[in-house]
Amino acid sequence: MALAGRTALRWARLWSPRPAAGALRLPSWRPAACVRLYGSRGEEKLDMSMYPVESIRNFSIIAHVDHGKSTLADRLLEITGTIAKTGCNKQVLDKLQVERERGITVKAQSASLFYNHNEVNYLLNLIDTPGHVDFSYEVSRSLSACQGVILVVDANEGIQAQTVANFYLAFEAQLAIIPVINKIDLKNADPERVEKQIEKLFDIPVDECVRISAKRGTNVEKVLQKVIEKIPPPHCNTADPLKALVFDSTFDHYRGVIANIALFGGEIEKGHKIVSAHTKKRYEVNEVGILTPNEQPTHKLYAGQVGYLIAGMKEVTEAQIGDTLFLYKQPVEPLPGFKSAKPMVFAGMYPVDQTEYNNLKSALERLTLNDSSVNVHRDNSLALGAGWRLGFLGLLHMEVFNQRLEQEYNMSVILTAPTVPYKAVLSSAKLIKEYGKKEITIISPAQFPDKLSVSEYLEPTVLGTIVTPQEYIGKIIVLCQDRRAVQKDMLYIDEHRVMLKYLFPLNEIVVDFYDALKSLSSGYASFDYEDAGYQAADLIKMDILLNGNPVEELATIVHKLKAYRKNVVAKCYGGDITRRMKLLKRQAEGKKLMRKIGNVEVPRDAFIRVLKRQTDK
Amino acid sequence: WPYCRKRCSYCNFNKYVVPAVDEAAVRACLVREAQTLLRLSRVRSITSVFFGGGTPSLASPGTIAAVLEAVAGAAHLPADAEVTLEVNPSSASTPRLAGFRAAGVNRLSIGVQSLDDAELRLLGREHTAAEAREAVEAARRLFPGRTSIDLLFGLPGQSRSAWARGLEAALGLCDDHVSLYQLTLERGTVLAAQVQGGSLPTPAQDLLADMYHTACDALVAAGFRHYEVSNFARKGALSTHNLSYWRAEQYIGVGPGAHGRFVPWGEGSCSREARVQTLEPDAWMREVQSRGHGTRRRVVLSPLEQLEEVLALGLRTDEGITQERWGRFSPQLSLEAVFGVPGEAQELQQQGWLVLDGSGLRCSREGLALLDSLLPALLCQLQR
């Protein structure tokens with residue numbers, strides 16, 4: 001204990017704040033490049049008892065896309081000495097290649113920072129959140145581990161869709177909110193105007209805003225001080241039984257699942273036996289620690305602290321976001337707000353060629369190891385063979401997933417609109433006998449029974465809830481009507497926002513409804529849905545005729561009103577011919593995978609174009 | 001001329017915004033490279049010259065004159081050869097344009113893009129609609145019948161009616177040549193990032209198709225000939241230079257990032273090559289100064305590759321690929337032999353999108369709009 005205490009004291013002296021103006025002076029034993037602070041894992045373990053609850057601040061940074069969340073996080077890490085200050089600290093917390101390329105954060109990361117202010121050593125736990133609306137559930141779970149947030153707003157762009165959405169999340173979670181106006185170094189910055197926007201929309205007085213330039217580091221230290229002053233310490237007790245929230249998890253091939261946890265009560269250490277409230281499974285803790293932002297083991301974690309845990313879990317589904325962990329034989333009330341990820345966008349995914357099936361299967365398995373929010377179901381298409389029906393949190397989620405498949409696993413896939421399970425109530429005695437029941441589920445168009453044998457067709461429906469600022473109501477109502485939805489409710493939740501409830505046929509929202517909704521509301525509208533059973537529907541099977549013969553594989557089931565097609569337009573642009581030839585030749589290669597049906601060779605492309613969503617004229 | 005004063009939000013061409021350009025140095029290098037490549041290609045006569053970029057109208061008329069002189073010195077440049085300069089409305093005052101005319105330019109292509117101020121801001125353009133109008137009017141006075149304007153459609157958030165209005169305005173203003181382009185969101189541009197981030201909507205495929213067809217109809221109704229997928233001309237004001245691209249003739253690219261297709265007889269070769277000059281201006285200048293030209297990459301095109309280009313580019317025009325031109329690149333296999341047999345081409349003909357007859361192979365009006373979808377199939381057939 002004495003040794004640990006001395007060690008901790010040495011760290012505390014080393015990480016005292018630097019003078020804001022000068023360059024950071026680093027302890028001489030530390031290498032200059034961007035490397036982790038401490039030695040390799042397994043050496044000196046941190047003693048977290050040095051940080052009583054009053055010295056802890058758990059906070060998150062929330063903002064609209066590109067307003068500077070991750071850059072601010074970089075600066076905070078540098079100022080507190082968590083990472084070395086060099087030119088190469090760019091969005092340190094974004095670890096995925098696709099995150100760095102697109103400049104977005106997909107997975108939330110966290111880091112524990114040590115900061116000395118007015119003679120007191122503080123432990124500041126920063127939780128970096130995804131900026132994109134597709135991941136609002138992750139954001140809300142991360143927030144539940146915090147007592148406050150830094151709300152970053154671009155000094156030129158001002159308040160945007162995600163600023164508002166995230167503000168409400170934090171506000172409803174009753175967190176302290178520190179408004180920070182960023183990018184004041186840029187030519188078009190107008191912090192005064194943005195401060196007024198904040199005061200008007202969020203009711204936060206102008207003098208509470210901090211103006212910074214995260215890129216330059218201007219005033220960033222002030223943000224840290226505000227965090228200490230304005231955000232309350234966590235309200236919890238180490239004497240209580242263990243209660244830990246899982247707000248993220250990653251899969252490491254050697255060590256298994258690493259769960260990011262926030263302790264709401266009690267303490268946790270190696271050897272403890274814990275239980276997951278959701279799966280009810282039992283585990284023994286192998287390791288606990290904090291993230292700086294890489295893993296740094298500690299002896300224990302105490303109530304109010306944030307860190308990670310390794311406990312022999314084999315799959316990320318065993319450590320779902322929002323789950324509660326407690327000690328064996330000491331169950332606690334699970335933390336509220338847990339829900340399984342609700343997919344918003346669906347797609348059929350097939351290998352370009354059936355010989356690639358197994359490769360795609362293992363790629364999917366490995367990718368979903370670390371992304372438990374992707375819904376995966378096996379599916380089969382007569383035209384494209386065996387594949388999957390995947391559910392994503394949104395279009396960006398799907399794109400990122402696809403990009404990772406290409407980049408990390410080198411897989412090219414065919415994405416199509418998925419099928420929804422229709423039903424038919426049979427009237428033909430012969431068919432009823434054949435199927436063994438009166439009401440059957442139609443999985444593929446080939447199974448579609450003829451109109452004469454059916455007394456009623458049914459389609460699955462959902463009850464969708466849309467929350468939007470009132471200026472978009474008109475456009476949204478038109479969109480919903482266009483999707484054959486029936487309005488069930490409409491009410492004003494405050495003077496700016498409206499909530500609409502519509503009953504939608506499921507097939508109308510499975511691909512691009514969410515995207516269209518976001519598009520026409522500039523991102524400000526939100527959408528959620530729940531299963532609402534089946535309703536009668538006027539369905540027909542749309543046969544595609546090739547040379548006068550119906551081609552079974554190309555048939556789709558559509559609602560009577562929507563059986564039209566629109567042609568594709570050639571892109572017209574001036575420019576490099578070489579590049580265009582490359583693209584065309586790649587498409588030609590794709591075309592070579594053709595399917596013979598009878599005497600006619602139908603290009604794969606034609607299949608795909610037809611299976612993809614058809615929009616009406 | 002790879003330099004610009006400002007980056008447009010959608011552009012991914014080889015452009016550079018620098019505080020100061022050493023025009024004399026760039027001019028000298030352009031002259032030198034033109035001379036070197038002309039000698040290399042052993043080209044005897046020039047049919048057309050095109051100044052692109054970047055923003056070529058930022059170069060001084062003196063530089064244009066110097067380049068033209070160098071070209072005339074190394075090959076025969078007929079007095080009536082088409083010499084086009086791309087112009088940005090913000091550097092198109094009458095005196096300036098007159099200067100270019102005196103330097104030898106006889107045709108202008110003005111990057112109007114849109115006649116709506118809000119759209120121009122979205123695109124990050126340097127000029128207003130009023131300035132664009134003035135520029136076109138000035139151009140038409142100095143280059144009557146030889147002025148072309150560029151228009152973009154499919155902007156994020158652009159409605160059908162906004163495009164219709166824009167078209168009307170453009171038709172009232174334009175000369176006898178219009179180039180129509182669908183805005184493509186290229187990875188890495190500011191506009192693409194905005195659309196991806198969700199702050200701008202993505203235009204729907206159907207809307208884009210409609211906009212294109214509305215434009216084609218309007219232009220044809222106003223007397224224009226839709227002679228290439230993206231280009232319309234009336235009273236015979238077709239662009240000779242661009243036609244030479246689509247007819248797979250020889251062309252020499254001079255300057256950073258320029259492309260070329262020619263046979264470098266001067267090196268003893270007799271195969272057509274695809275060439276690209278070094279992209280980065282400073283690097284390009286160093287190379288030109290040390291060895292006479294800054295060719296970054298040269299690839300010999302196999303006969304098949306040449307045919308593929310002939311096919312893909314030729315079908316973009318309304319005349320398509322003539323039997324005669326095909327014969328030049330494919331002496332053994334005629335168009336009939338490749339595309340007249342049962343296969344993709346016949347299917348497309350049956351659908352009414354392709355025509356193969358005595359004069360050659362071309363797309364029908366409807367087929368032209370779907371060209372991108374037809375080409376891969378035809379390429380497959382060609383490869384076989």
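Student: Does B:D176 count as buried or exposed?

Tutor: This is a predicted model, in which local features need pLDDT of at least 70, side-chain atom pairs count only at pLDDT 80 or more, and totals for chains, interfaces and linings use all residues. Residues are numbered from 1 along each chain as its sequence is written, chains are lettered from A in the order in which they are written, and side-chain values use heavy atoms, with hydrogens and water left out. Buried means under 20% relative accessible area, exposed over 50%, and partly exposed in between (1.4 Å probe, protein chains only). Because its relative accessibility is 7%, B:D176 counts as buried.

Student: Which residue forms a salt bridge with B:D176?

Tutor: A salt bridge is a side-chain nitrogen of Lys or Arg within 4 Å of a carboxyl oxygen of Asp or Glu. For B:D176, the closest N and O atoms are 3.0 Å apart, and the partner is B:R234.

Student: How many residues apart in sequence are the parts that B:R234 and B:D176 tie together?

Tutor: Helices (H or I, at least four residues) and strands (E, at least two) are DSSP runs, numbered from the N terminus. B:R234 lies in the loop between β7 (231-233) and α9 (240-246) of chain B, while B:D176 lies in the loop between α6 (160-173) and β5 (177-182), so the parts tied together are 58 residues apart.

Student: What is the relative accessible area of B:R261, which forms a salt bridge with B:E309?

Tutor: The closest N and O atoms of B:E309 and B:R261 are 3.0 Å apart. B:E309 lies in helix α11 (residues 303-314) of chain B, and B:R261 in strand β8 (residues 259-262). B:E309 counts as buried at 6% relative accessibility. B:R261 is buried too, with a relative accessible area of 1%.

Student: Is A:K183 buried or partly exposed?

Tutor: The side chain of A:K183 meets that of A:D154 in a salt bridge (3.4 Å, N to O). A:K183 is in the loop between β5 (176-182) and α6 (191-202) of chain A, and A:D154 is in strand β4 (residues 148-154), 29 residues away. A:D154 is buried, with a relative accessible area of 6%. Because its relative accessibility is 22%, A:K183 counts as partly exposed.

Student: What percentage of the residues in chain B is buried?

Tutor: The secondary structure of chain B comes to 16 helices and 13 strands. Of the 384 residues in chain B, the buried ones make up 57%.
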